[in-house]
Amino acid sequence: MKLVPLCDRVVLKQLEAEETTKSGIILTSSSQEKPQEAVVIAVGPGGLVDGKQVEMHVKEGDKVIFSKYAGNEIKLEGEEYMIVKQSDILAIVE
C-alpha cells in the first residue's frame with residue numbers, strides 16, 4: 001500500500017529516538033522524547049490551497065525538522081508515519 005498525500009500535505013517517517021545521551025546515560029523508552037526530525041516519504045502536488053498557490057519546497061528523501069505538535073500520526077502496515085502540512089515543516093537538514 002502506498003500513501004499519496006493531497007494538496008500541500010507531506011508524509012514523514014520520524015527518525016528513531018536516541019537511546020543514550022551524549023554523556024553515555026542510557027534512556028528508558030518512556031523517557032525518550034520523539035525527535036522532531038524526519039525523512040520525507042511522499043509529497044503532495046501543491047496547487048491551489050485556500051485560494052493561494054502553494055509551491056512544494058521539499059522532496060522525497062529530504063531530512064526535515066517539523067513543529068512539535070504538527071500533523072497526524074498514522075500506522076500503516078506496521079509502520080508509523082506522520083502527515084503534516086508543508087507549512088509545519090520548519091527546516092530542511094542538509
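Q: Strands are DSSP runs of E with at least two residues, numbered from the N terminus. Where does E77 lie in relation to these strands?
A: In this predicted model, E77 lies in the loop between β6 (72-76) and β7.

Q: Is E77 buried or exposed, and how do you know?
A: Exposed means over 50% relative accessible area. E77 has 61%, so E77 is exposed.

Q: Where does C7 lie, and why is C7 called partly exposed?
A: C7 belongs to the segment before β1. The class runs between under 20% (buried) and over 50% (exposed); C7 has 36% relative accessibility, and therefore counts as partly exposed.

Q: Why is D8 called buried?
A: Buried requires a relative accessible area under 20%. D8 has 8% relative accessibility, so D8 counts as buried. D8 is found in the segment before β1 (9-14).

Q: Which residues does D8 contact, leaving aside neighbours within four places in sequence?
A: D8 is in contact with V49, V54, M56, V84, K85 and Q86. As for Q86, 78 residues separate it from D8 along the chain, while their C-alpha atoms are separated by 5.7 Å.

Q: What makes the link between D8 and R9 a polar contact?
A: The N or O atoms must be within 3.5 Å, and for residues adjacent in sequence both must be side-chain atoms. The side chains of D8 and R9 are joined at 3.1 Å, so the pair qualifies.

Q: What makes K59 exposed, and where does K59 lie?
A: The cut-off is over 50%, and K59 has 54% relative accessibility, so K59 counts as exposed. K59 is in the loop between β4 (52-54) and β5. Beyond its neighbours within four places in sequence, K59 is in contact with V40 and V43. K59 and V39 are 20 residues apart in sequence, with 9.7 Å from C-alpha to C-alpha.

Q: How do you know that the charge of K13 sits over the ring of Y81?
A: The charged atom must be within 6 Å of the ring centre and within 35 degrees of the ring normal. The charged end of K13 is 5.7 Å from the centre of the Y81 ring, and is listed as sitting over that ring.

Q: How many aromatic pairs are there?
A: Ring centres would have to lie within 6.5 Å, and by this rule the count is zero.

Q: Which residues have the most contacts inside the largest nonpolar core?
A: That core has 14 residues, and those with the most contacts inside it are V10, L12, V40, V58, V64, V84 and I89. The elements giving two or more residues to this core are β1, β2 (37-43), β5 (63-66) and β7 (79-85). Apart from neighbours within four places in sequence, I89 is in contact with V10, V58, V64, I65, F66 and V84.

Methods. Residues are numbered from 1 along each chain as its sequence is written. This is a predicted model: local features need pLDDT of at least 70, side-chain atom pairs count only at pLDDT 80 or more; totals for chains, interfaces and linings use all residues. Side-chain values use heavy atoms; hydrogens and water are left out. Rings of Phe, Tyr and Trp (its six-membered ring) pair if their centres lie within 6.5 Å; planes under 30 degrees apart count as stacked, over 60 as edge-to-face and the rest as tilted. Helices (H or I, at least four residues) and strands (E, at least two) are DSSP runs, numbered from the N terminus. Buried means under 20% relative accessible area, exposed over 50%, partly exposed in between (1.4 Å probe, protein chains only). Contact means heavy atoms within 4.5 Å. A polar contact is a pair of N or O atoms within 3.5 Å; within protein, one must be able to donate a hydrogen and the other to accept it, and residues adjacent in sequence count only if both atoms are side-chain atoms. A nonpolar core is a set of buried Ala, Val, Leu, Ile, Met, Phe, Trp, Tyr and Cys residues joined through side-chain atoms within 4.5 Å.
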